[in-house]
Amino acid sequence: MTALLEVRSLGIRFGGLQAVDSFHCRLNQGEIGGIIGPNGAGKTTIFNMLTGIYPPTAGEIFFRGENLVGRPIHGFTEHGIARTFQNIRLFKELSALDNIKIARHMKVKYGFFPGLFRTEAVSRRENELEEECLSILERLSLAQYARHKASGLPYGVQRRLEIARALATSPELLLLDEPAAGMNPQEVDQLSKTILWIRDEFKVTILLIEHHMQLVMGVCDHVTVVSFGKLLAEGKPDEVKVNPVVVEAYLGKGGKF
Amino acid sequence: MKERNANAGIRRYAPMIGVAAAVVVFYLAIEYLRQARVLTPYYVQILMFGLLNCMVTLGLNLINGITGQFSIGQAGFVAVGAYSSAAVTTLLFEFNKLPATLQPLVFLFAVCVGGFAAGVFGYLIGRPSLRVKGDYLAIVTLGFGEIIRSLIRYIEAVGGPRGLPGIPQYAGVRGGGLAWVLFFFTLTVWFLRNYIYSFRGRACVSCREDELAAETMGVNTTTYKVQAFIVGAVTAGAAGALQAHIIGFIHPDQFSYVRSTDFLVYLYAGGVGTMSGAIIGAMSLTIVLEILRFLADWRLIIYGVVLVLMMLYQPNGICSGKEFPFLIPKLKAAAKSSKAGVTGR
């Protein structure tokens, strides 16, 4: 079976700084992968390369067997990779519904002039779109916030909305950058369930960055550990947890999870 | 079954027919008042220029308000539209010798040429200059406006620095030009509303809100920034074409950066990001400037004071983010759509 995502010897250099060096990972359809590592290890940089924001200086990103390196950011999205951001980047001034509508951008197609005249077909498509988006919000229990301005929503809801927005692009691979940041233990618990549910409900493969070990150990099939831009270890969560190299990078010598 | 379809059709087009009827009634009312000598041609002409300013400001709103790109060279596009359309009616055709039945067609063609030419310039300018953002883009567009004006001074065929006289006043006040202006104004409002509330318009808004997030949602932000630039230029060009055929004389200095800043002031005073803001701002300030004309040299000082007071007490503009409800397309599911609409501000 060919992997959905296969990253080979990915590296990026900012001037004299080798931020990420020969990173690799492999994700099969339906798996949940995790990237962990201390602050500044280059996790978000990896995500930025996986979504085209930073062009890598070395390596390849194979997605469904196609090398995506060199494509524009929206090209990555068109191929089915969606993401959330560590520091939420919603369209703040817009309603939750409009956030989702923009994410459906690639799924709405009508000509420029029919659009100008707002023909009946265009009107019908816009109505359908409204329903599609409302149903996405509903599935993530956000329906009640549809008409609320994104910036006014509670923090947890904003995080959920960002996930909903990423899902609205109908991705095959969903990248979550620290989805549990700023959440309390109960919320993290809830999030673990949500992530598993999203995988099954939306049939997506998930790759997440997280500091929260409990969450990573709970949901991930496969964990990759990075430190100072280098791949430290990889494997099943339980294997990684007891790997002395990993424990040392995180907690220093003699530490214990 | 057929009957039901017909009914649905009527219901669908009823608002459009209503708007068209309202515009016609408005035109007839003004025409009647003019013939009854209640309104002098001077007032009608102010109204026409107000509508033209609305058109240009609406285009500028798409670029600055909706797409969030700071462009301040709108007068350059107006100039392109004015000169290219005037070239059609004076150089290409001998407009006044054409049979009366052909004149409206040629005039329509001239306005289209004006809009098209401005659109081409919009693309030529937008494509390279949208690589820069904010203040830098403002400087580039300002420079562009001035370059256009300087170039026209060198083109002898359109009068160069002396200006171009003798343009047929086909849209002049006395020739019922208000009808033409109203027609193009209504068309502009309708098209721009449809554009803003289409997926393209939402893509433009996403460029304004967060370009990186927009890209990761699959929006090709360059495409939509350039597109907004072109659409805004076409509107300005059409307005320029009308202007040339109202006064019958155009001069490069009518399209200086002062004119560009006028449009910016209209937009920001009215409320950036909404069509209501562009329309109310352009119309009211055009009229206020005319009312203040009796103050002679004091006029611009008072005008300045008015603007400062507005910044103090109504910083988000007269309309401050509220869109005219009829400018938000109705969706079936959207029974209680928010007042702000997609533009959000």
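What follows is a short tour of this structure, which is a predicted model.

## A six-stranded sheet in chain A

Let us begin with a sheet in chain A. Six strands lie side by side in the order β6-β7-β8-β3-β9-β10, forming an open sheet with mixed pairing. At the edges stand β6 (81-83) and β10 (230-235) of chain A; each has a single partner strand, so one side of each is left without a neighbour in the sheet. From one strand to the next, the twist averages 20°.

The table below walks across this sheet, pair by pair.

| Strand pair | Sense | Bridges | Residues that face each other |
|---|---|---|---|
| β6(A) and β7(A) | parallel | 3 bridges | A82(A) and L174(A) |
| β7(A) and β8(A) | parallel | 5 bridges | L175(A) and L207(A) |
| β3(A) and β8(A) | parallel | 4 bridges | G34(A) and L208(A) |
| β3(A) and β9(A) | parallel | 4 bridges | I35(A) and T224(A) |
| β9(A) and β10(A) | antiparallel | 5 bridges | V225(A) and A233(A) |

How many residues of strand β8 (residues 205-209) of chain A are buried? The count is 5 of its 5 residues.

## A four-stranded sheet in chain A

Chain A also has an open sheet of 4 strands, in the order β2-β1-β4-β5, with antiparallel pairing. Its edge strands are β2 (17-27) and β5 (66-67) of chain A, each of which pairs on one side only. Between β1 (residues 5-14) of chain A and β2(A) there are 7 bridges, in the antiparallel sense. Across this pair, L5(A) stands opposite L27(A). Helix α1 (residues 43-50) of chain A packs on the sheet, where it touches β1, β2 and β4 (58-63) of chain A. Compared with β2(A), the direction of α1(A) makes an angle of about 65°.

## A glycine in a loop

Now look at G42(A), which sits in the loop between β3 (32-36) and α1 of chain A. Is G42(A) buried or exposed? A residue counts as buried if 20 or more other C-beta atoms lie within 10 Å of its own. G42(A) has 25 other C-beta atoms within 10 Å, so it is buried. Apart from residues up to four places away in sequence, G42(A) touches A19(A), V20(A), V226(A) and G229(A). G42(A) and A19(A) are 23 residues apart along the chain, and their C-alpha atoms are separated by 6.1 Å.

## The nonpolar core

In soluble globular proteins, nonpolar side chains tend to be buried together. In this model, the largest nonpolar core has 169 residues. Which of them touch the most other members? They are A96(A), L137(A), A164(A), M48(B), M55(B), V181(B) and L242(B). Take V181(B): leaving aside neighbours within four places in sequence, V181(B) is in contact with M48(B), L51(B), L52(B), A171(B) and L242(B).

## Where the chains meet

The two chains touch through 33 residues of chain A and 32 residues of chain B. On the chain A side, α2 (73-78), α3 (96-103), α4 (112-117) and α5 (120-139) each supply at least two residues. Helix α5(A) gives the most, with 7 residues. By class, this side of chain A has 12 nonpolar, 8 polar and 13 charged residues.

## The domains of chain B

Finally, the domain assignment of chain B gives domain 1 (1-39) and domain 2 (44-270). Taken over C-alpha atoms, the centres of these domains of chain B are separated by 27 Å. In chain B, 5 residues of domain 1 are in contact with 5 residues of domain 2. The side of domain 1 of chain B that touches domain 2 has 4 nonpolar, no polar and 1 charged residues.

Definitions and conventions:
Residues are numbered from 1 along each chain as its sequence is written. Chains are lettered from A and ligands numbered from 1 in the order in which they are written. This is a predicted model: local features need pLDDT of at least 70, side-chain atom pairs count only at pLDDT 80 or more; totals for chains, interfaces and linings use all residues. A nonpolar core is a set of buried Ala, Val, Leu, Ile, Met, Phe, Trp, Tyr and Cys residues joined through C-beta atoms within 7 Å. A residue is buried if 20 or more other C-beta atoms lie within 10 Å of its own, exposed if 12 or fewer, and partly exposed in between; C-beta atoms are placed from the backbone. Two residues are in contact if their C-beta atoms, placed from the backbone, lie within 7 Å. Ala, Val, Leu, Ile, Met, Phe, Trp, Tyr, Cys and Pro count as nonpolar, Asp, Glu, Lys and Arg as charged, and the others, Gly among them, as polar. Two strands pair if DSSP finds at least two bridges between them. Axes are lines fitted to C-alpha atoms, for helices over the stretch in contact, and angles run from 0 to 180 degrees between N-to-C directions. Domain bounds come from an automatic or database domain assignment.
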